[in-house]
Amino acid sequence: MKADSRAVLIESVVILAIGVVLGLSFNGKMVLDAFSGRLNSTGAQPSGGEAVHSTVDVQAFPLPIMLEEVRELLAAGALAVDARAAEVYAEGHLPTALSFPLGEYGQVLPDFLQQVPKDRTLILYCSGFGCPDSFDLGERLLAEGYLDARVYEGGFPEWRDAGLPVEKEAP
Amino acid sequence: MSRAMLYVYHFCRLALGGVYLYAGVVKSADVVTFARDVANYQLLPYAWNYLAAATLPYVETVAALLLLFNRKVRPAALILTSLTLVFMVALVTVLVRGLDIDCGCFNPSQGHTSAGIALLRDAFLLFPAIVTLRLSGRMSAR
């Protein structure tokens with residue numbers, strides 16, 4: 001009975017290993033890039049103004065970051081981008097954040113392209129965990145050629161609940 | 001094992017295999033989105049979310065195929081039972097922490113499934129998982 005249980009355990013480990021090997025054979029590049037910090041364009045430094053997306057074979061997508069890193073990046077000059085609707089943004093947003101509602105992508109993009117250089121670090125956020133707009137906006141902006149887009153998944157609710165400063169638009 | 005128990009066993013084996021095959025295939029088709037769903041749980045360090053998203057759907061798929069083809073049923077059922085329990089623990093932590101996230105259980109682009117609903121679904125899934133695990137032991141002992 002004991003030997004039987006042991007055999008089942010060993011077989012389970014083998015099945016697990018087969019699944020892991022299969023997964024890594026299909027997605028190994030993505031995992032390596034994630035562990036080396038090159039998953040999105042954040043690890044690809046601009047060189048001579050050339051597009052750097054070619055250095056990343058997997059689909060470029062925004063890097064999720066947590067509150068502490070958001071604060072550090074904002075202090076270092078990153079730009080917060082609010083993907084929520086304009087009226088929600090007006091009620092309160094991260095300090096100095098630009099409003100870029102995903103639903104008005106086509107209308108807002110030309111101004112955004114003019115105002116924001118492609119090598120500026122972007123921190124996209126919306127209404128917190130479960131809100132996909134910031135991630136979708138980040139993907140689109142990376143496709144537009146922005147080099148460093150990150151998603152603050154805690155979003156405005158986490159920022160506000162942490163007691164951090166909030167800006168409101170004048171009515 | 002009685003004939004009725006045999007039917008129950010095969011039903012549970014096929015149901016468990018079918019559910020996990022679907023879950024594994026749809027998640028492996030969009031690993032990037034699934035990685036985001038895993039990251040939303042805030043349980044793993046950043047890069048580990050991608051490792052989990054890259055491998056988990058394939059583990060589910062391999063184990064589910066073994067169940068469906070009636071091969072290595074006990075180890076496959078053990079893996080899927082363990083995974084179901086791990087998912088349930090993760091969902092309980094989501095409820096305790098009050099996070100409003102999509103569970104990421106099946107199709108990453110299917111929309112929002114709350115942790116409570118997902119936990120209930122996993123509790124139902126645990127039944128065929130345990131039945132398959134227990135009865136497959138008796139099958140192999142025959």
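How many residue pairs are in polar contact across the interface of chain A and chain B? The rule finds 4 of them, with both residues at pLDDT 80 or more; a polar contact here is a pair of N or O atoms within 3.5 Å, where within protein one must be able to donate a hydrogen and the other to accept it, and residues adjacent in sequence count only if both atoms are side-chain atoms. On the chain A side, the elements giving two or more residues are H1, strand S1 (63-65) and helix H5 (133-143), and H1(A) gives the most, with 19 residues. Helices (H or I, at least four residues) and strands (E, at least two) are DSSP runs, numbered from the N terminus.

The model is a predicted one, in which local features need pLDDT of at least 70 and side-chain atom pairs count only at pLDDT 80 or more, while totals for chains, interfaces and linings use all residues. Residues are numbered from 1 along each chain as its sequence is written, chains are lettered from A and ligands numbered from 1 in the order in which they are written, and side-chain values use heavy atoms, with hydrogens and water left out.

As for the interface as a whole, 32 residues of chain A touch 27 residues of chain B (contact means heavy atoms within 4.5 Å). About 2,700 Å² is buried between the two chains, 73% of it on carbon and sulfur atoms; buried area is the accessible area (1.4 Å probe) that two parts lose on being put together, summed over both.

B:Arg74 pairs with A:Asp4 at 2.7 Å, N to O. B:Lys72 meets A:Glu11 at 2.9 Å, N to O. That pair joins two chains, because B:Lys72 sits in the loop between H3 and H4 of chain B and A:Glu11 in helix H1 of chain A.

Key:
Salt bridge = Lys/Arg side-chain N within 4 Å of Asp/Glu carboxyl O.
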